[in-house]
Structure formats: structure tokens, C-alpha cells
Amino acid sequence: MSKGESNVLASMSAPACAWRMCCGLCGDTHLTPVLELVPTPPANAFVAERALDEVQACFPLELVLCESCRHVQLAHILDRYAMVGDAVDADTEWPEHQAHNLAWARELMERCCAPEQSLVIDIGCNDGSLLALFEDAGWRVQGVEPSVNVAGTAIGRGIDTYPGFFQPSIAARLEDERGPARLVIAHDLMSQTDDPSGFFEGVRMLLRPDGLFSFEVPSLHALVADAGVDMITHATLDYHSVAPLMRALNQNGLELITVTRTRLHGGRLRGMARPMGGLAPVEASVAALLADERRLGLAEADTYRKLASRLAAIRNQLAVYLDSAKTAGLRIAAYGAQAGATTLLYQLGLDADVITFIADASPLHTGGYTPGLHIPVVAAAELEARRPDVVVVLAWQDAQAIAAQHPDFEAAGGRFLSPLPVPTLCA
Ligand SMILES: [Zn+2]
């Protein structure tokens with residue numbers, strides 16, 4: 001039986017939701033449930049005012065641990081086509097993302113030392129902004145992008161882009177048409193495929209013997225170290241640690257040669273692999289992160305049971321503070337309408353009775369309402385105009401920076417509160 005053929009939990013609702021039948025990395029069927037969160041709607045399913053009467057379905061949000069390779073992954077898989085849709089991804093408009101792209105492109109070009117007209121393939125190329133930097137430097141470029149609309153944006157700027165999900169059959173076609181690649185990049189899509197092993201197989205097919213594969217994936221470390229539960233959404237199927245990732249790469253003819261952690265998007269592992277037998281040495285960072293993962297117990301089920309207890313304590317502590325604030329007549333709002341905010345609102349019990357509105361710096365969801373809970377989202381400038389007394393920072397990793405951006409609000413007596421890793425008022 002293959003994944004997605006049975007155990008359909010919500011066939012009457014779109015998107016379809018199915019129980020995972022086997023580990024995405026190694027295929028083993030022994031999966032132990034380790035962390036059951038409050039079910040949520042898809043994290044990006046913000047709604048317009050005219051649709052507020054429609055009830056949005058919630059889907060299970062649960063992590064399982066593979067008993068064979070110790071990979072942590074979502075237990076339930078929503079239909080990936082419905083999840084991606086045709087929405088234009090505004091990621092590339094964020095200054096933080098642009099700076100990240102530029103620095104990363106330079107680093108990759110330096111590491112490759114490739115001659116002019118070498119081929120680079122970006123899987124999940126978004127609007128092609130990263131590939132455009134390579135093209136300017138004399139590379140041949142090829143994109144792959146699952147969202148047809150977004151692929152159209154890349155094609156519109158002259159980037160040759162295949163519109164569809166990456167898989168071995170697509171890799172064979174691209175290798176035939178464009179030749180083997182010096183560099184294959186995947187900085188997001190690996191977490192959105194339900195077949196990471198097939199993904200690696202496709203990457204290996206595309207690479208020259210001296211080629212490099214550069215990737216970023218959600219990091220399990222951030223979840224365990226900081227209780228960063230907001231990184232868990234239905235769009236992210238896999239939460240990676242180095243040991244299972246190395247094993248899956250090896251099984252598909254690839255070897256991890258370097259890996260680091262970044263803070264981008266709630267915490268990522270950024271790594272680089274090459275075909276087995278290549279000359280590039282395995283760097284010390286690989287052994288260092290493996291040792292740190294053992295210290296944190298990322299491969300142990302008990303680690304996630306302790307995390308569940310920690311989340312319950314955070315929820316209780318926050319409820320006590322906010323209940324007393326409400327009883328005292330204080331007005332409570334929140335800040336940050338990124339996808340992970342939906343997860344956080346549900347896990348911390350923050351609904352429209354507690355949070356009157358959410359302020360957000362991005363125009364993406366302004367004027368809309370949060371998925372399921374239907375809390376209104378307003379522009380960040382509204383914070384000073386509406387003057388709530390307490391603001392729960394859902395973008396908690398940037399809580400201090402957000403507080404610093406609103407000195408007038410704090411000067412007037414407003415307080416920013418970061419809910420994670422423990423509820424804390426910003427100084
Ligand atoms: Zn496994």
C-alpha cells in the first residue's frame with residue numbers, strides 16, 4: 001500500500017488529509033507518535049471578511065518518530081497541490097530574504113569555482129530571483145517551481161522554469177535537455193515533498209561527478225531547544241536532524257560535507273552534499289552537529305514528551321498572565337501574521353476572545369482574518385492608533401527587534417510579550 005491510499009480522514013473536505021504510511025526518508029513503517037498538537041486549519045488559509053461565515057476545517061497536527069532512522073515528520077499529509085495552489089509567494093520581497101539570497105549566491109559561487117556557462121538548477125526557484133544572480137555571473141540557469149503562477153513570474157523575467165513538483169522523472173528530463181549540473185539548489189521545497197528520498201534520487205541524477213547539492217531544511221533543533229512549535233504547519237512535512245538526513249543522502253548516492261544552523265524562518269539546517277566518491281572533504285561541522293544532536297536527545301521519543309509538558313506549562317503561564325490582564329480591563333492584541341502564527345494561536349489557546357487584533361508589517365494578510373480563529377489582521381501602524389495595553393509577539397524570535405521598532409507604543413505604557421521560549425515581557 002502506498003502513501004495516501006488509505007486512512008483518508010477528511011475526504012469530504014478540501015484539501016484531502018491522509019495518515020502517513022511510512023517514513024519519508026527511509027520507508028520504514030514503524031512510526032511512533034511523539035507530539036500531538038491542537039488541530040489547525042492550513043496555516044496560510046487567511047480569509048476575507050465576506051467568507052467569515054464559512055467554517056474552516058481543522059486537520060490533525062502531530063509528529064511521529066521513525067523507529068528505524070529516527071527522522072521526525074508530520075503524521076498526516078494534506079494534499080500538496082491544494083497546499084501550494086497558485087498563490088504568489090511574497091517571500092522574495094522581504095529585505096531579509098533578499099539579503100539572504102545575495103549572500104548565499106556569492107558563497108555558493110565561491111565554493112563551486114565553476115567555469116562560465118556551468119549549469120545551476122534551483123528546485124523551488126520561486127520567482128527566479130536567486131537564479132537571476134547566477135545568470136548575471138555567467139551561469140546557465142534552470143528553475144523548477146510547483147506553483148504555476150509563481151513559475152510564470154520566473155519565466156516572465158527570462159528564467160527557464162519547469163512548472164511542477166520535482167521528482168526523478170523530471171530530473172531525467174532536465175538532465176537530458178540541459179546536461180548535468182555543477183550545482184543543484186533546494187532551499188525550501190524539500191520540506192514540502194512527501195518523498196524526500198525520491199527527491200535526493202532526482203538530485204543525484206542531475207549532478208556532475210564534481211557537482212554540489214546545496215539545501216536548506218527546517219531544523220528539528222529549533223523545535224526542541226526553544227519550544228519553537230510555530231515551525232510546525234501542514235505545509236512542512238519534515239523536521240530534520242543531521243543523522244537521519246545523512247543516512248538518506250547516503251542511500252541515494254550523496255554525501256553530506258558541511259552543515260550549519262541558521263535562524264531564517266524559525267530555524268533551518270543549511271547543508272551541502274556531493275556525489276559519493278567526490279573529492280571535497282567532509283568538514284568538521286558535520287561531526288559537531290551530530291554530537292550536539294545526541295546531547296539534545298533529538299533521536300529519543302522521551303524528548304518530545306518532555307516538550308509537550310513544556311508547551312502545556314507555557315500555555316498555562318500565558319493564560320494566567322493574560323486572564324489577569326483582561327480582568328484588570330487591559331486590552332490585548334498580537335503582532336505577526338506569518339504562517340506559524342496560526343499554529344501558535346491554537347497551541348497557546350489565543351482566540352478572538354483574548355486577542356482583539358493582530359498587527360503585521362507585511363501587507364500580505366492586512367484586511368483579512370486568521371485561519372479558523374478569524375482574528376482581524378491590521379497594518380503595523382495601527383498599533384499606535386489602537387493602543388492596546390499588551391501585545392503578544394507571535395513572531396517571537398524577533399520580539400526585541402519589533403519592540404525596538406515601536407518606541408512610541410512602549411513610551412505610552414504598552415508592553416510587548418514574547419510567548420516563547422518562556423513567556424517574557426520585552427525589556
Ligand atoms: Zn526513517
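Predicted model: local features only at pLDDT ≥ 70, side-chain atom pairs only at ≥ 80, totals over all residues.
Residues are numbered from 1 along each chain as its sequence is written.

The protein contains 14 helices and 19 strands. These are DSSP runs numbered from the N terminus (helices: H or I, at least four residues; strands: E, at least two). The radius of gyration is 22 Å, close to the 22 Å given by the globule rule for 427 residues, so the protein is as compact as a globular protein of that length. This radius is taken over C-alpha atoms, and the rule is 2.2 Å times the number of residues to the power 0.38. The C-alpha trace spans about 65 × 45 × 45 Å along its principal axes. Of the 427 residues, 45% are buried. Burial requires 20 or more other C-beta atoms within 10 Å of a residue's own; 12 or fewer means exposed, and values in between partly exposed, with C-beta atoms placed from the backbone.

Helix α4 (residues 148-156) has V150, A151, T153 and A154 as its buried residues. They cover an arc of only 150° around the axis, which puts them on the same side of α4. The arc is that of the directions from the helix axis to the C-beta atoms. The exposed residues V148 and G156 sit on the face turned away from the buried side. Cover for the buried residues includes β7 (140-145) and β8 (161-163). Just after α4, G158 adopts a positive phi of about 90°.

Helices α5 (residues 168-178) and α6 (residues 196-206) have axes that come within 8 Å and cross at roughly 10°. They are therefore roughly parallel to each other, a term for angles under 35 degrees. Axes are lines fitted to C-alpha atoms over the stretch in contact, with angles from 0 to 180 degrees between N-to-C directions. Contact residues include I170 and L174 of α5 and M205 and L206 of α6; contact means C-beta atoms, placed from the backbone, within 7 Å.

Two non-glycine residues have positive phi. R70, at about 70°, lies in the loop between β3 (59-66) and β4 (72-74). R70 counts as buried, with 20 C-beta neighbours inside 10 Å. C113, with phi near 45°, is in the loop between α2 (95-112) and β6 (119-123). C113 has 8 such neighbours and counts as exposed. A cis peptide bond joins L420 and P421, with omega about -5°.

How values were computed: Contact = placed C-beta atoms within 7 Å. Parallel < 35°, antiparallel > 145°, perpendicular 65-115°, else oblique.
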